Each structure stands twice: as C-alpha cells, then as structure tokens.
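Thanks for coming. Please have a look at it first.

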Amino acid sequence: MSDSKKILITGGTGFIGQHLISLWKNQHQLFVLSRKKDIAIEGVEIINGDLSSIHQHKEILASIDFVINIAGDKKNIALMQATNVEGLRHLLEAISEFPTKILHVSSAGIYGIEQQEMDEITEDTICLPNNTYEKSKFEAEIILKAWGDRHPDRYIAIRPSNVFGPLDPSNKLLTLCKALQSGKFFFIDKGALVNYVSVSQVVQAIDQLIDKNHFENTFFNVNVPMTIAHFIEHLRTQLGDTPEPKTIPAFLQPLVFIAAKIFDLMPKRFQFFNSGKYRELTSPKYYNVSKLERFIRFEHTKGLEQGIENHIENFKKQGLL
C-alpha cells in the first residue's frame, strides 16, 4: 500500500493471521487482539483480551482504520457459538460508533457444497451449512449483513475454500502427499474439481481489498478451482519421484462408492476412505471467483502452484516428507 494504516487483526496469532502480519508489519501500524499473556510480536502492538472484552479498548478502536476479523474456532464445538458468532457481534458493536471498516474472514463451507444441486457456486448461491462450524460462520454472516444495513459501505467478507500453506496446524495435504509417495492414491474421475487456495493467495487478496478500500458491504469467494488431475500433477512435480497414480475403472466405481459408505460406519481412526473422500474424488462442483477477479487482480494457477511449492518445501524442512 502507498500509505500506512492502523489495522487491528483478531486471530493474528493463527494460521492466516501470522502470514498477514509478516506481509504488513513493515508497512502499517498493527494491533493484534490476543488472549495469550506475555506474548510479543515484533512490529505489533498487543491488545490483551478477547472479542467479548473488545469494548474495553475504545480508545484504540477510535483510531483504527480497518479491522481484519480472522478470530474463530474450528475444532472446539463448545466454543464456536461464543467465538464465531457472539465474538463478531461484540466486535461490530464496539466499532459501530467509529468510521472503522471491517474485513471479515468467513468460509466457503457455509454453502454446504455437497448439498448443492448446481455445480457452480457463486456468492448468490443459497447457503446450506451442514455442520456446527459451518452453521456458526453462516450465523455470523447474518449478523454482519444486519449490521451492514445500518452501516453502509463498512464491510467486506471473504469466503476462502480449503486454505493450505506453511504454519497450517492441520498440515493440510500432508496425508495426500504421503499417499502419492507410497503409491496409495488413485483417481476415480480425473475431471473432478478440487477447491483449494494457498494462504499466500488469501493474504494477497486481503491486502488488495484493503488497498482498494471500496467497502461496499459485499462478499467474495476466494478459491482456485482445478481438475484433480492437474492438482495432483502439481503436487507430484514438487514431491519429485512418485508412482503414477492408477485410475479406478468405471465399472468398479459403484463398488468403491459402496465401500465408502461401509467405512462411514466405522470409527474415524479406521476411515482411511469414506463417502467424504469419495465426493472429493468425484465432485464437479466449484466456487466461482469471477466476482473477486472483477474487483482485484487475483492470480489463479500460478499462485496456487507457488503455494504448493512453498507448502511442500516447508513439509520437507520439518522432516514430514
């Protein structure tokens, strides 16, 4: 960006937040809301507390230009309502009296893609959240929209798909990489679409949206749809020498589907294959990003390829591959 801004990041010590701080710490005056005591981040001012107590820091909020809300809970069901929903409500109430703008990081999971009848998922597609996490993110968006009705031109929300990259605590794609190395991966439909986006692409999108500063109370999908054949080829290129994946013959695919259903009935630790994985290997559905492309410069394949390279290099440095 051309000029320095005061930016508050919630969830700044998390996966996306750490990458965002790395990009911005020498460009902007950054504040991070953190529940952790005695935490220090170079180039960042720490605000101790959580979203339920954010109203106690109005002297700081009064000077903030933008809030990037990444705070959320994805694993602990008991905390999802308090953090993902009520946390956003507290934050919006706290900034209402100031001109502060907010970029909210939601999730493409709110669409419930497996339940959608259409293959193309746009920002106007009806949301059919399936699990507790998706429902909490959807409820948060409803609160954001209602707040936006009273505060025009104050928010942007992005809906990233499956975000991967260095610092991801879930090590997304590691199991797939190991399956490719061991020759245990197989295709069911090479034309199936996968929906992934690298963390660097998400961070660059946030950076450009803030730089553009056209907050029109709107939503954007952030995704790089790609055939599974091309996605796997990019992974294999970075992994090096891996066996050529086999393809399940068409006449055997119904049996594979039945097997997936059977595995669904087993404890999760034994589900090396299930109906969820079957859908991933056969689905033609994708999140359309044409709206985002009309708004900012968003690199598709090139950015994803670079993200895969960085991710696998990081796995190797950690001795995971």
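Strand β10 is covered on both faces: Leu 193, Asn 195 and Val 197 on one side are buried, and so are Val 194, Tyr 196 and Ser 198 on the other. Buried means under 20% relative accessible area, exposed over 50%, and partly exposed in between, with a 1.4 Å probe and protein chains only. Six of the six residues of β10, residues 193-198, are buried, so the strand is largely enclosed by the rest of the structure. Strands (E, at least two residues) and helices (H or I, at least four) are DSSP runs, numbered from the N terminus.

Two notes on the source. This is a predicted model, in which local features need pLDDT of at least 70 and side-chain atom pairs count only at pLDDT 80 or more, while totals for chains, interfaces and linings use all residues. Residues are numbered from 1 along each chain as its sequence is written, and side-chain values use heavy atoms, with hydrogens and water left out.

Now the partners of β10. Strands pair if DSSP finds at least two bridges between them. β8, residues 162-164, pairs with β10 in the parallel sense over three bridges, and Phe 164 has Ser 198 as its bridge partner in β10. Strand β12, residues 224-227, pairs with β10 in the antiparallel sense over four bridges. There, Tyr 196 has Val 224 in β12 as its bridge partner.

Next, β7. Six of the six residues of β7 are buried, so this strand too is largely enclosed by the rest of the structure. Tyr 155, Ala 157 and Arg 159 point one way, and Ile 156, Ile 158 and Pro 160 point the other. β5 and β7 run parallel, joined by four bridges, with Val 105 opposite Ile 158. β7 also pairs with β11 in the parallel sense, over five bridges, and Ala 157 stands opposite Phe 219 of β11.

Where does Ser 161 sit? Its place is in the loop between β7 and β8. Ser 161 counts as buried because its relative accessibility is 13%. Its side chain makes a polar contact with the side chain of Asn 223, at 2.7 Å. A polar contact is a pair of N or O atoms within 3.5 Å; within protein, one must be able to donate a hydrogen and the other to accept it, and residues adjacent in sequence count only if both atoms are side-chain atoms. Leaving aside neighbours within four places in sequence, Ser 161 is in contact (heavy atoms within 4.5 Å) with residues including Asn 195, Tyr 196 and Val 197.

On to helix α4, residues 132-150. This helix has 19 residues and reaches 28 Å from its first C-alpha to its last, close to the 27 Å expected. The expected span is 1.5 Å times one less than the number of residues. The buried residues of α4 include Tyr 133, Ala 140, Leu 144 and Trp 147. Among the elements that cover the buried residues of α4 are β5, β7 and β11. At the start of α4, a side-chain oxygen of Asn 131 reaches to within 3.2 Å of the backbone nitrogen of Tyr 133.
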